[in-house]
Amino acid sequence: MKTFESRNAYFDRLCNTPGLMWLGQNTNHFDPHPSVLQAVTDALADGSYHAYAPPAGFEALRRLIVADLGLADTDATAFVTDGAVEALYNVCSRICAPGTDFVTTDPSWAWPMQFARQAGSRVVELPIFDAAQGYKLTAKQLAAAVTPQTRVIYLVDPNNPLGTCHTADEIRAFTDIARSVGAWFIHDATYAQFADAFAPAYRFYPEKSIVTYSFSKWLGLAGMRLGAVVSNPDLIEKVADAPPNNLGSNVLSQRAAIAGLRSKAEWFPGIKQRLRRNQQVVRDAAHAVPGLTVLVYPSQANLLVIDTTAADIKPEALVAAYQEHGIMIRQGTYHTKRFGHRFVKVSLSVPEAWADAFCDRLPAMVERARSIELAGPLF
Ligand SMILES: Cc1ncc(COP(=O)(O)O)c(C=O)c1O
């Protein structure tokens, strides 16, 4: 079977598993604010989805996105996309080219590396899976890696899967390094809303920073496909020139996003509290099992990374064991070939009952992982 067929069948099976507990894709499974659902049902009822949305997104939404990133006082402007992944695809295919380097961390998010390779760039991955550097990129590492050939520095911040987040000073140092070689700085802010503090690179390097934004995680719209690319008007003019989708993103999703952003201050702090509670119970449960360690705590994203090395089990085996019980968690190899054999990732913006189900079963799942036969590849 072709890889795309087995990957599709894998996710189709998960999507069609009744009651599956999604603790693997960093999606948000809390009920949304009532105004979000109302906006979707209103847009369905009034038929406004019959028309295409404006190509760069509803103006109200574009302004709200820039404001949510804390950039309302700058000239940054937003182009709404079908998820952050489309924003990354558009940007990478436009600025990566043969003879140039795309520098990122290891672990990082794999798809933009694929987009960069496809456009001809060489991908350089800087290892950050190391307690000695706090599981973060250092300015020293980045400075040693860049050259005049560096076209892009791509930073997922907060990092998926590690959950570390960089300070404003660190981001400023990175953008100074980008400027020294004329590289673009792509700041993937997919998890920014879960961090205690987030400093968008655009603040320090407006001439060549691009921030990518997602509604999949904080607002829980993964299946409604909505995100954005935020940068200076010149870059957005280029991005808007021949985008993969030039007929506007989903009207229902955009109405949901506008309602979500307008009501965010009211309800999102509560979501963060519930997420932190889940992080705490999972950390405690993991530390009660010999050989398991939570590497970054509290995580600044909606996930936790659990090191399985000392428990002497394969991450894939633990994932398969949980799947037998209707719980999806993610193996490290999804993110990194080099370090993936050492950890699993557990996503925790989910109902407390799901996090508790993960914890209750953990000792038994570790035992099951010792003997389980993998039925097929995991994605
Ligand atoms: C770092 C990172 N960027 C982008 C995305 C994709 O976001 P979206 O669902 O908005 O396309 C993900 C999804 O997991 C991600 O982890």
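The following exercises, each with a worked solution, concern the structure shown above.

The model is predicted: local features need pLDDT of at least 70, side-chain atom pairs count only at pLDDT 80 or more, and totals for chains, interfaces and linings use all residues. Residues are numbered from 1 along each chain as its sequence is written.

**Exercise 1. Determine how strand E5 is placed and which strands pair with it.**

Solution. Helices (H or I, at least four residues) and strands (E, at least two) are DSSP runs, numbered from the N terminus. A residue is buried if 20 or more other C-beta atoms lie within 10 Å of its own, exposed if 12 or fewer, and partly exposed in between, with C-beta atoms placed from the backbone. In strand E5 (residues 150-156), seven of the seven residues are buried, so the strand is largely enclosed by the rest of the structure.

Next, consider pairing, which requires that DSSP finds at least two bridges between two strands. Strand E3 (residues 101-106) pairs with E5 in the parallel sense over four bridges, and Thr-104 stands opposite Tyr-154 in E5. Strand E6 (residues 184-188) also pairs with E5 in the parallel sense, over five bridges; here Val-152 stands opposite Trp-184 in E6.

Finally, E5, helix H7 (residues 168-181) and E6 form a right-handed β-α-β unit. A crossover is right-handed if, with the strands pointing away from the viewer, the path from the first strand over the helix to the second runs clockwise.

**Exercise 2. Compare the span of helix H4 with its expected value, and decide why H4 is described as largely enclosed.**

Solution. The expected span of a helix is 1.5 Å times one less than its number of residues. Helix H4 (residues 84-95) has 12 residues, and its first and last C-alpha atoms are 16 Å apart, close to the 16 Å expected. Nine of the 12 residues of H4 are buried, so the helix is largely enclosed by the rest of the structure. Among the buried residues are Ala-84, Glu-86, Tyr-89 and Ile-95.

**Exercise 3. Describe the surroundings of the ligand.**

Solution. The ligand is surrounded by 13 residues, and the closest are Gly-83, Ala-84, Val-85, Ser-214 and Ser-216. This shell comprises five nonpolar, seven polar and one charged residue. In this division Ala, Val, Leu, Ile, Met, Phe, Trp, Tyr, Cys and Pro count as nonpolar, Asp, Glu, Lys and Arg as charged, and the others, Gly among them, as polar.

Definitions and conventions. A residue is near a molecule or strand if its C-beta atom, placed from the backbone, lies within 6 Å of it.
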